[in-house]
Every structure is written in C-alpha cells, then in structure tokens.
Amino acid sequence: MRLFACSALAFLLAGVFESPAQSPFQFPTANHALYEAGGDAKFLAPTSPDRSWTTGSFGCVRTDGWQMHEGLDIIHLQTDRHGEPTDPVMATADGTVMYVNLKPGLSNYGKYIVIRHFIDGIEIYSLYAHLSAVATGVAAGKTVHGGEVIATMGRTSNTSERIGKERAHVHFELNLLDNDNFSAWFKKNMPGERNDHGVWNGQNLDGLDPRQILLAEHNPAKKFNLLNFIQSQTELCRVLVRATNFPFLKRYPALILKNPKAEHDGVAGYEIVLNYNGVPFALMPRAASEIKSPAKIQLLSVNAAEYHANPCRKLVVQRGGRWQLTDKGQRDVEQLIY
Ligand SMILES: [Zn+2]
C-alpha cells in the first residue's frame, strides 16, 4: 500500500514537474537570454552603446519616450570574419509564409518575412526584419514549422542611418492584421506615397509586445493563453464607430463582446477598445438606440493614466480640458473600419 502511494505520488509529481506543454511562441534566434536573470541586456540591441537595452524593446522606448518601437531588436550571437551577423532566424511557431520582401530598398524593414499563425483561436502574424538572406524555398504560401530556419540575420534597411555591425539584430514583431482593404485605403489617403507591400505594410500590422508574450509563456505559475493576453491589454481609449462591416470583425470574432440588446435590435455600430499602440482588443456591438452622436467616429473615453504612461502613439490629446482623437488617432480608426 505504502509502495503504491509512493509510486502514485511520483506519478503525480512527474505530471507537475515535467516540462509544461510547449509554449506557442519560440525564440526566433538562438538568443534566449531573456530567460536569464537580468538577461535583457544580452537579449536586446540598444539604439547605441551608451543607451539602455530598453531602446531595443517594444513600446514608447525611443526619443525620450515619444517614439514607438513596434518590435524587439534581438541582438546577434555570431558573426563571420567580416563581423557580419550569421545567426539563423527561425519561425516562431507553425504557420504559413504570407509575404517575403527581397528588396531592401523598398522598406525600412529591409528584407523581411511575414508568417501567419493560428494560436488559441487568434490569427497572429510574426514578422522578421533586416534579414541578409531568406532561406531557399521560403516564399508566400509555404508551410513552416516552429523552429524551422527561414532566413539569416542581417542589417538590411532603406533608412539613411545604417544598422551598425555591433548592433546587428533581427527586428521581431507579433501582430494582429488591421484591414484587408489597406491597399485601397492607403491609395486614397496617402496620395503620392508608395506602398510596395500591399496589406503586409507595417502600417497595417498592429503590434503586441513580444517580450511580454515570451515572458508570460515562461511563467510556470500561469498557463499562457494568447486570447487572454490580448484581452487583458490596458485600455487607452474607447471609440464608437458607426460601421458594422469591416474586415477586423470577421478576422477576430473572439474579440467581439456580447450585447443582447444589439443582437436583438440590430447592430448599428461598435464600441472599440484600443490599447496605447492602437490595437483594438475588445469590440462591443451597439444598437442604434445606444449611439448618441451622429458622428461616424466618436471618442467615448480616455484612460488618462495609461496615456501618461505610454503617450508615444499620440492617438488622443487633451485640449481645453477635453480629450479628443488626434488626426493620427482619427486616421488609425478610419483605416481599421475602411
Ligand atoms: Zn527594431
């Protein structure tokens, strides 16, 4: 009996202490220093050697907090004899390659790859930028597995300020896709500007913080779930839109909240909750009787504490004691519902 109890206990403990189910997102390079105590400085490339690692992280981390960096700059581990980075870049999860840009001159991402994944009921798009070379066979439509080598790290970009060898990195993003109609929206709203990348333009990809995601996956006390992660973003503001048929609704039904009144009376618009980066993370259908303003887009509320913590996207502004959407904020919402 005692023996049985022991083996039963051992069995239970094995269940507890065995490595947990594989995390959905893997590191895109062999640099895993994020999981070391104080490892950020070995994981991320700052914008210059005298700056903090935070400048290579996601968020309002540049230009004294007034410039957004929408990904992680994961620093290289290995170089060739010329000092060029040679780290293999791997797909972060199973997925399908959606886009490969092989012309560095056409993007500040330089050569880059976008991969679509389905994780916890959410479509999420990883992006890998500044590559020197893309692996043979990696092209739109190809299925890849998490951990599969898709490219070699590089320093490609079309910006006048080059990426120095010492800070060579892969710029890594995890995004929601904003709008399938982006190309048409761009043509109408950005006359004279080029969009060589269709919907795979960075402006159409709404970035989540990959550092937070990788850290949350590593927390043994709480099982990671991507939908929960997205739904627990901090609210920056709420806007009401008189639009009922935009692509984001179809792509992200899991983010639509329940409103029996609107379901019964008919949906006349959506109340959209945005985080500081403009990611729509909750959408509440509204009936006509619940919408007061005739405006197509109306700002309903602002979380001032979050605005002051993360102001760099400049989506809202306080004028004469009243909050309003900035032109940029207005344009971002128009892009979403176009
Ligand atoms: Zn970057």
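## The zinc site and its surroundings

Three protein donors hold positions 2.0 to 2.1 Å from the zinc ion: H69 through NE2, D73 through OD and H171 through ND1. Keep in mind that this is a predicted model. Along the sequence, the donor residues follow the spacing H-x3-D-x97-H.

How exposed or buried are the residues around here?

Now for the strands. D73 belongs to β3, which spans residues 72-75 and is covered on both faces. L72 and I74 are buried on one side, while D73 and I75 are buried on the other. β3 pairs with β10 in the antiparallel sense, over four bridges. Across that pairing, L72 stands opposite F172 of β10.

E173 also sits in β10, a strand running over residues 169-177. What does the side chain of E173 make a polar contact with? The partner is the side chain of N175, at 3.1 Å. If you set aside neighbours within four places in sequence, E173 is in contact with E70, G71, Y109, Y125, S126, L127 and P210. As for P260, it is 87 residues from E173 along the chain, and the two C-alpha atoms are separated by 36 Å.

Note on methods
Residues numbered from 1 in each chain as written. Predicted model: local features only at pLDDT ≥ 70, side-chain atom pairs only at ≥ 80, totals over all residues. Heavy atoms only, no water. Helix = DSSP H or I, 4+ residues; strand = E, 2+ residues; numbered from the N terminus. Contact = heavy atoms within 4.5 Å. Polar contact = N/O pair within 3.5 Å; in protein donor to acceptor, adjacent residues only side chain to side chain. Donors = N, O, S within 2.8 Å, 3.2 Å for Na, K, Ca; no water. Buried < 20%, exposed > 50% of the residue type's maximum accessible area, 1.4 Å probe, protein only. Pairing = 2+ DSSP bridges.
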